[in-house]
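Here's a quick briefing to go with the structure on your screen. Have a look around first, then read on.

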Amino acid sequence: MKKTHSLSSYLLLLISLTAIASATTIGVTYSTPASISGTVQLSPDRIAEKVVSMNIPAVRLLDSNPAMIRAFAYTNVSLFLSVPNPLVPLLASNRSLAMRWVYRHVLPFHPRTKISIISVGNDVISYSPDVSPFLLRAMQNVHLSLVDLRIFKISVSTTFSFFNIVPTAFPPSSAQFQQPNGEVIIRPILQFLERTNSSFLINLYPYNMYRSSFSIPIGFALFEEFPFNFRDDLTTGVRYRNLFDMMVDAVISSMAVMGHENLPVIVAETGWPSSGIDASEVDATLLYSEMFLKALLTHLRSGNGTPLRKEGVSEVYIFELVEKDAKQGIRNWGLLHHNMTSKYSFEFSDGGKVRRFKGLLIGIFVEVVMLYLLM
């Protein structure tokens, strides 16, 4: 009896270690510019090599360039593909066009390239209200095309923008999807995601939330640890220490209202600009951008999750890998300068050290348990 009790304790500990080891996957977004600074061409192979050298495990390709998809073949990098918004009505109305898209962007590369998910459209609700009703049918047609080709490990979803679907983020427990889009557009999509084991994709920018509310201190948005740097949800008694977790939990609460609180959540875009559109964006600085990104990576690697989702979000994609050409009237977000050198003093990736260390711990633990059972 004593030995059985000890084994149960060991198994519980192993489960805990496994949970710790499954921290959020942290990737980047990338869209193909014509050139760097108008002169040096950005070849897909060069981008892929840079991503691999930075130990980035996942990339969201905002334009799903086939040459870029091919460049990631035989790497360990997982790809998140996107169907452009103008194609959504076409793919919804014509199943053969959906199959054609899959034939062009998936079939030639799978499984040599690790494609994990396809987003049909990006923030379609704000892009064009006339396109939104076509979203679900387009998603279904892409999903069925994959099934017809016996490709079962690539999930299909669509990407929403936090500000266009969640009107009130605080308190998170009271958050609901904005109507009528919540009932008409989002509810059927949630049912589709549940049925096909896919994830809810959300573009989520604490910077935008901070700018929209004078009551949010900069430290709360930047993950800073101050004695009074928190917000309490009085309904649930939950204390929030940062704006990112508060926004994620607002999404989770909104899904829960519709009966889908357990769907995995992927943050398809997040970040903090290193420069703003004009002089009024005084908090869009390289210093604050670095503080936000460094703190976010630390938070995600901790495996602590959010108050309402202990396992946290499954994936987060930092916007964006390479700085676009500097033009007046646009924000700069890139992790890398135009010449592919880093803008920041910290390393984006820990090179898998944390994951390898935790994996080593689990391996040693399993060996100990096996020896124990053989005694």
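Is Arg309 buried or exposed, going by its relative accessibility? At 5%, Arg309 counts as buried. Keep in mind that this is a predicted model. The chain has 375 residues, and 50% of them are buried.

**Overall layout**

- Take the contacts with a separation of 6 or more: 72% of them are between residues 24 or more positions apart.

**Nonpolar cores**

- The largest nonpolar core holds 99 residues, and the ones touching the most other members are Val106, Phe162, Phe200, Ile202 and Leu321.
- Helix H12 (residues 243-257) gives this core its largest share, with nine residues.
- There's also a second, separate core of seven residues, and among them are Phe80, Leu201, Ile266 and Tyr317.
- As background, nonpolar side chains tend to be buried together in soluble globular proteins.

**Salt bridges**

- The count of salt bridges comes to eight.
- Glu281 and Arg331 make one of them, with their closest N and O atoms 2.8 Å apart.
- That pair ties together distant parts of the chain, 50 residues apart: Glu281 sits in the loop between strand S9 (265-270) and helix H13 (286-301), while Arg331 sits in the loop between strand S10 (315-318) and helix H14 (353-374).
- Glu281 counts as buried because its relative accessibility is 6%, under the 20% cut-off.
- Arg331, at 24% relative accessibility, counts as partly exposed.
- Glu323 and Lys343 form another salt bridge, with 3.2 Å between the closest N and O atoms.
- Both of these residues lie in the loop between S10 and H14, 20 residues apart.
- Glu323 counts as buried at 13% relative accessibility, and Lys343 counts as buried too, at 9%.
- Arg309 is buried, whereas Glu311 is exposed, with a relative accessible area of 55%.

**Helix packing: H5 and H7**

- Helix H5 (residues 95-105) packs with helix H7 (residues 135-148) at an angle of about 60°, and their axes are 8 Å apart.
- The crossing of H5 past H7 is right-handed.
- On the H5 side, the residues that meet H7 are Arg95, Ala98, Met99 and Val102.
- On the H7 side, their partners are Asn141, Val142, Leu144, Ser145, Leu146 and Asp148.

Note on methods:
Residues are numbered from 1 along each chain as its sequence is written. This is a predicted model: local features need pLDDT of at least 70, side-chain atom pairs count only at pLDDT 80 or more; totals for chains, interfaces and linings use all residues. Side-chain values use heavy atoms; hydrogens and water are left out. A nonpolar core is a set of buried Ala, Val, Leu, Ile, Met, Phe, Trp, Tyr and Cys residues joined through side-chain atoms within 4.5 Å. Buried means under 20% relative accessible area, exposed over 50%, partly exposed in between (1.4 Å probe, protein chains only). Helices (H or I, at least four residues) and strands (E, at least two) are DSSP runs, numbered from the N terminus. A salt bridge is a side-chain nitrogen of Lys or Arg within 4 Å of a carboxyl oxygen of Asp or Glu. Axes are lines fitted to C-alpha atoms, for helices over the stretch in contact, and angles run from 0 to 180 degrees between N-to-C directions. A crossing is left-handed if the near helix is turned anticlockwise from the far one by less than a right angle, and right-handed if clockwise. Contact means heavy atoms within 4.5 Å.
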